[in-house]
Amino acid sequence: MHIAGLQKTTLLDFPGKVACTVFLAGCNFRCPFCQNAEILGGCPEEVPEEEFFSFLEKRKGLLDGVCVSGGEPLCGDVAPFLARIKALGYAVKLDTNGSFPERLKALAAEGLIDAVAMDIKSSPDRYAVLTGVPCDMKKIRESAEFLLGGALPYEFRTTCVAPLHRPEDFVRIGKWLAGAKAYFLQNFRPGEHVPAEGLSPFSPAELAAFKQLLLPYIPNAKIRGE
Ligand code: SF4
C-alpha cells in the first residue's frame, strides 16, 4: 500500500473508538474541494508500510481502531492490508466514495471492515460537477443501497460547498437515502491544498436550512459537530 499520511490519534474519525487514521494515496475522483488533492495521483510515500505496522504493534492496547482513508482506499486491492490490521486486533473503519461496490461488499463479507463512512457528493444528477469526472451512478447507488441494507454500521456524509450545492440537492439526497441511520452535513473547510478558487463554506443558517430539507426523509440527519 502507498501510505501518504498517518494521523496517530483521532477521537473523531472512528465513532466510539480511539483510533489512528491512515491515508492511502490515489483516487478516481477529482473533487474540486478535495482537502487531500496532493495525494490523488503520485506523491511521495510518507510512511513505509512496515513502519506503519510497527506503529500499530506498539499502540496495541492504546488504540482500538484504524480508520482507513484516502484518497479512495478501494482504488486498489486493499484486502491484504486490512487483513493485516485486523490480525493485530484492531477494528477497521473504511472511508469510501462509493465507486467500488463489489470491493466494498467483498471486504464486508470477509469480515475485514467493521464500519464504513461513505461520501455523498451531491444529488445523483450533480455527481459529475462535484467529483470533476464522469461518474457511474449505478455503482454509487449500489454502495449506498448495500449500506442502507444494514450489513454493518455506516454513516453517509456530504461536504457542503458553496456555490456547488443548491437547496434542491438536499431534497434529492433525502429521497435517495430515505431512512438512513446516520447522515451528516459537514461544512467545507478551505485549506492550502484546495485547488479550485471561488469555493466557500456555507453560513450556519444555510446549513441549518439544508438539514431542514433533509429531515422529512432522513430524520437522523445532523450537522457535524451539532
Ligand atoms: S473522493 Fe475524496 S479523496 Fe477523492 S477527490 Fe474527492 S474528496 Fe478527494
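A: Pro-163 sits in the loop between β6 (154–160) and α6 (167–176). Helices (H or I, at least four residues) and strands (E, at least two) are DSSP runs, numbered from the N terminus. This is a predicted model: local features need pLDDT of at least 70, side-chain atom pairs count only at pLDDT 80 or more, and totals for chains, interfaces and linings use all residues. Residues are numbered from 1 along each chain as its sequence is written, and side-chain values use heavy atoms, with hydrogens and water left out.

Q: Is the peptide bond from Ala-162 to Pro-163 cis or trans?
A: Cis, with omega near 5°. The bond from Gly-70 to Gly-71 is also cis, with omega near 15°. Most peptide bonds are trans.

Q: Where does Gly-71 lie?
A: In the loop between β3 (65–69) and α2 (79–87). Gly-71 is also one of the residues around the ligand.

Q: Which others surround the ligand?
A: Cys-27, Phe-29, Arg-30, Cys-31, Cys-34, Leu-40, Asn-97 and Lys-121. Each has a heavy atom within 4 Å of the ligand.

Q: How does that shell split by class?
A: Five nonpolar, two polar and two charged residues. Here Ala, Val, Leu, Ile, Met, Phe, Trp, Tyr, Cys and Pro count as nonpolar, Asp, Glu, Lys and Arg as charged, and the others, Gly among them, as polar.

Q: Switching to the whole chain: how many helices and strands?
A: Seven helices and eight strands.

Q: What box do the C-alpha atoms fill?
A: Roughly 45 × 35 × 30 Å, along the principal axes.

Q: And how much is buried?
A: Buried residues (under 20% relative accessible area, 1.4 Å probe, protein chains only) make up 50% of the 226 residues.
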